[in-house]
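Trainee: Could you take me closely through the salt bridges of this model, and through the parts of the chain that they link?

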Amino acid sequence: MLYERTLGQWLEHWATTTPDKEYIVYSDRNLRFTWSQFNRRVDDMAKGLIAIGVERGTHVGIWAANVPDWLTLLYACAKIGAVYVTVNTNYKQANWSTCARIRICTRSVSSTARKTATSCR
């Protein structure tokens, strides 16, 4: 069965339908988010992305391990209509330069690789 909702619309749906139900747990960071908490977090990130010029169609690259903001950024891009581009975490500076030169990503986000990291830079 196919649905006519986007990823962002699904998040809005579940945040409205089951706002206090736990959605995601990062046990290694002792972080838990309900649907409504996560939706607010996504909206905040989407507002920040818009403030730096991200709009529908902008390619946003993320270079990060499994950190909470990886998923937050995915949903934020979906709500904006931006293209979420995952970048191999083994890439070095030269690889990033190639991505920039051929315009794979017009904006990029990276995260610290430490297990204690909870946000992107």
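Mentor: What follows is a look at the salt bridges, and then at the elements around them.

This is a predicted model, in which local features need pLDDT of at least 70 and side-chain atom pairs count only at pLDDT 80 or more, while totals for chains, interfaces and linings use all residues. Residues are numbered from 1 along each chain as its sequence is written, and side-chain values use heavy atoms, with hydrogens and water left out.

Side chains of opposite charge can pair when their charged atoms come close. Across the whole structure a search finds 5 salt bridges, the term standing for a side-chain nitrogen of Lys or Arg within 4 Å of a carboxyl oxygen of Asp or Glu. One of them joins the side chains of E12 and K79, at 2.3 Å from N to O. This pair links distant parts of the chain, since E12 belongs to helix 1 and K79 to helix 3, 67 residues apart; helices (H or I, at least four residues) and strands (E, at least two) are DSSP runs, numbered from the N terminus. The side chain of K79 also meets that of D43 in a salt bridge, at 2.5 Å from N to O. D43 lies in helix 2 (residues 35-51) and K79 in helix 3, so this pair ties together parts that are 36 residues apart in sequence.

As for accessibility, E12 is partly exposed at 32% relative accessibility, where buried means under 20% relative accessible area, exposed over 50%, and partly exposed in between (1.4 Å probe, protein chains only). K79 is partly exposed, with a relative accessible area of 25%, and D43 is likewise partly exposed, at 25%.

Another salt bridge is formed by E22 and R32, whose closest N and O atoms are 3.4 Å apart. Here E22 in strand 1 (residues 22-26) and R32 in strand 2 (residues 31-34) are 10 residues apart, and E22 is partly exposed, with a relative accessible area of 41%.

Strand 3 (residues 59-63) and strand 4 (residues 83-86) pair in the parallel sense over 4 bridges, pairing being assigned if DSSP finds at least two bridges between two strands. From strand 3 the chain crosses through helix 3 (residues 68-80) to strand 4, and this β-α-β crossover is right-handed, meaning that, with the strands pointing away from the viewer, the path from the first strand over the helix to the second runs clockwise.
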